[in-house]
Amino acid sequence: MRRSIVIGNWKMNGTLESSRDLLQKLRNRVDREGSRGEIGVCVPYVFIPEAREILNRSPILLGSQNVADQSSGAYTGEISARMLQEFDCRLAIVGHSERRLLYGESNELVAARFRQAIDSGLVPVLCVGETLEQRERGETFDTVLAQLNAVFARSGVQSLLNAIIAYEPVWAIGTGKTATGEQAREVHAFIRNKIAGIDEAVAEGLRILYGGSVKPDNARDLFSMPDIDGGLIGGASLDAESFLTICYSV
Ligand code: PGA
C-alpha cells in the first residue's frame with residue numbers, strides 16, 4: 001500500500017507573519033487530529049528557518065521549492081541540498097513547470113537537480129506535465145516521457161524508490177481548470193506502466209501526485225482515482241482551512 005501525501009507549494013507568496021500564522025494553524029490541527037496520509041509544505045527559502053522552528057517535532061514535512069544542481073561552489077543564487085538538510089528539509093520540488101517555462105530549466109538541468117536531492121537524501125518531488133499546445137498536438141505522453149527519461153538517464157529508475165512524482169498539466173496550474181479525474185488517471189497510469197516496464201517493484205511503490213487547481217471541492221474525486229496518491233497544491237495551500245480540507249480528503 002502506498003501512503004498518500006499532500007504537499008503545499010506556496011510559490012512566492014506570503015510574509016513572515018502570514019507564514020507563521022499558516023504554519024501554526026496547520027500544526028495545531030494536525031497535533032489535535034492527526035492526519036490520514038502524509039502532509040508536506042514547500043515554503044519560500046527565507047521562511048525555512050522559521051518553518052523549521054514552528055514544525056519542530058510535528059509530522060508535517062518541510063520542503064523547498066527547488067534545489068541546486070551542484071553540491072557547492074560559485075553558483076550565485078542557488079541553495080544546495082546540504083544547506084536544506086541542515087534546516088531539516090525533507091522534500092525538494094524539482095522541475096516545477098514555472099521553473100521550466102518561466103526560467104528556462106531544461107530536462108537535463110532538472111535531472112541534475114533531482115540527482116543532487118537524491119544523493120544527499122532529500123526526497124525530490126519531480127514535476128512533469130504538458131502545456132495546452134502539447135496536449136492539443138497529441139504530445140502529452142511524449143512530453144512526460146522525455147521529462148522522465150532525462151531523470152532516468154542521470155539517476156536510474158531505482159532512484160524513484162526515494163522520490164515522488166507530481167503530474168501537473170500546465171494548463172491546469174493556477175487556472176481553475178482542473179484535469180478531469182479521467183484525464184489525470186490516464187497520465188498517471190501511463191507513468192506507472194512505463195516505470196513498471198523497467199522495474200515493477202519501483203512502479204508499485206512510487207507515489208504519483210496530481211497537481212493543478214486542486215481545491216477542497218474537487219480533491220476527493222481526484223484522490224479517489226486509482227494511481228493518484230495525493231496532490232501538489234498551489235493556491236489552495238495558502239489558506240489553512242482549504243489546505244487542511246484537501247489533506248483530509250485523501
Ligand atoms: P495550483 O498550483 O494548485 O495553484 O493550480 C499547483 C502547482 O503549481 O503546484
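The sulfur of C89 lies 8.0 Å from the closest cysteine sulfur, in C42, which is too far for a bond. A disulfide here is a pair of cysteine sulfur atoms within 2.5 Å, and the structure holds zero disulfides. C127 is likewise in no disulfide, with the nearest cysteine sulfur, that of C42, 8.9 Å away.

This is a predicted model, in which local features need pLDDT of at least 70 and side-chain atom pairs count only at pLDDT 80 or more, while totals for chains, interfaces and linings use all residues. Residues are numbered from 1 along each chain as its sequence is written, and side-chain values use heavy atoms, with hydrogens and water left out.

Both cysteines in the table are buried (under 20% relative accessible area; exposed is over 50%, partly exposed in between; 1.4 Å probe, protein chains only).

| Cysteine | Relative accessible area |
|---|---|
| C89 | 3% |
| C127 | 1% |

Helix α5 (residues 107–119) packs against helix α7 (residues 140–155) at an angle of about 45°, and their axes are 8 Å apart. Helices are DSSP runs (H or I, at least four residues), numbered from the N terminus. Axes are lines fitted to C-alpha atoms over the stretch in contact, with angles from 0 to 180 degrees between N-to-C directions. The two helices, α5 and α7, are therefore oblique to each other; angles under 35 degrees count as roughly parallel, over 145 as roughly antiparallel, 65 to 115 as roughly perpendicular and the rest as oblique.

On the α5 side, the contact (heavy atoms within 4.5 Å) is made by N107, E108, A111, A112, F114 and R115. On the α7 side, A146, Q147, A150, V151, R154 and S155 take part.
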